[in-house]
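Please consider the sequence and the three-dimensional structure shown below. The paragraphs that follow lead through a few of its parts in turn.

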Amino acid sequence: MKKSIEITPHIEALFGTRDENLHVLEDGLNITIDLRSNSIELEGAARDVARAEQVFADYSHLQRSGHAFNNGDLNSMLRVLMADPKATLRGLAEAGRQRSFGRRTVQPKSLNQKRYVEAIESHDMVFGIGPAGTGKTYLAVAMAISALLAKRVNRIILARPAVEAGERLGFLPGTLQDKIDPYLRPLYDALYDMLDPEKVDRYLEKNVIEIAPIAFMRGRTLNDSFVILDEAQNTTSEQMKMFVTRLGFNSKAVITGDVTQIDLPNARRSGLLEAVDILKRVEGLTFVYFDEGDVVRHHLVQRIIRAYDEHKTKLAEQQLSLLEPKSNANGKTNGADNAPLQKNITMPAEADAKE
């Protein structure tokens with residue numbers, strides 16, 4: 001099927017740098033897009049051409065309504081569209097506009113990120129599990145700020161276990177807050193990225209936003225709050241149970257973690273891994289899993305994560321091959337070691353035959 005679309009003013013912004021956005025549409029929908037002097041020619045299966053036509057129509061509508069796409073958001077939305085047949089460009093853009101994230105526009109950049117944001121909106125407790133750089137913490141903080149600015153909650157509480165990442169930091173100087181701040185810096189970074197520094201400082205001073213190690217949560221009931229537990233893979237079983245039972249009325253909790261980066265001492269089992277086993281059938285909460293395809297950092301990060309995963313798989317296969325049983329049904333060793341034993345058994349028989 002062929003379809004001709006009239007070129008509207010400023011439609012070229014949809015094409016992207018070196019037509020990268022058109023390539024996303026062509027690859028994702030298996031169509032060809034041909035730019036003419038006064039029209040855009042679409043060719044492919046009827047259903048796929050119709051989806052591409054809808055993208056162009058949605059973009060024109062969003063442009064007329066004053067929507068501005070920033071920081072590669074358009075390319076990210078198109079990739080989400082290719083992964084989710086039910087999604088539309090207009091729906092994704094307007095969903096992002098309905099949420100207030102302070103001075104930043106936060107848009108899911110993958111299908112799993114979209115599911116994560118939707119899960120946070122529709123569930124009171126969400127576990128976000130996946131490798132570094134997939135936006136687990138950043139999106140959770142963004143959704144917390146959105147809920148605070150919309151007055152759906154009265155405060156934000158950000159917690160993190162104070163566990164060294166493979167090294168001993170020793171006795172840090174300063175007050176208690178000075179000692180724990182290095183562990184909590186990623187949470188501060190996300191806040192200052194989305195809100196004006198003066199507003200963040202004011203919220204922190206008035207305890208509208210509270211950042212603390214998870215140990216400070218014991219004994220509290222958190223009502224009208226948006227609570228985030230970051231780096232949850234480094235919680236113990238007791239800490240995780242304590243945290244998930246803090247949730248009060250009109251509150252949400254988001255627990256994030258990367259189960260490949262557990263820094264707990266003495267080989268203790270991660271509270272996050274245990275929670276996955278225990279809570280997976282509990283109604284009212286949900287788990288969202290990320291992979292290297294959701295990484296939104298430098299493109300090398302995706303390749304690095306993939307390389308580590310492949311190395312881990314290779315090591316597991318090698319260990320499995322070493323552990324494979326080398327005994328026969330009688331419990332005796334098979335292979336070359338068996339040969340001398342067989343010879344010793346048969347030799348007397350051969351001698352009897354000669355006699």
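Is Met 125 buried or exposed? Met 125 is buried, because its relative accessible area is 8%; buried means under 20% relative accessible area, exposed over 50%, and partly exposed in between, with a 1.4 Å probe and protein chains only. The model is a predicted one, in which local features need pLDDT of at least 70 and side-chain atom pairs count only at pLDDT 80 or more, while totals for chains, interfaces and linings use all residues. Residues are numbered from 1 along each chain as its sequence is written, and side-chain values use heavy atoms, with hydrogens and water left out.

Met 125 belongs to strand β4; strands (E, at least two residues) and helices (H or I, at least four) are DSSP runs numbered from the N terminus.

Two strands pair if DSSP finds at least two bridges between them. Strand β4 runs parallel to β8, to which 5 bridges join it, and Val 126 stands opposite Val 254 of β8. A further 5 bridges join β4 to strand β9 (residues 285-289), again in parallel, with Leu 285 in β9 as the bridge partner of Met 125.

Beyond its neighbours within four places in sequence, Met 125 has contacts (heavy atoms within 4.5 Å) that include Val 244, Leu 247 and Ile 255.
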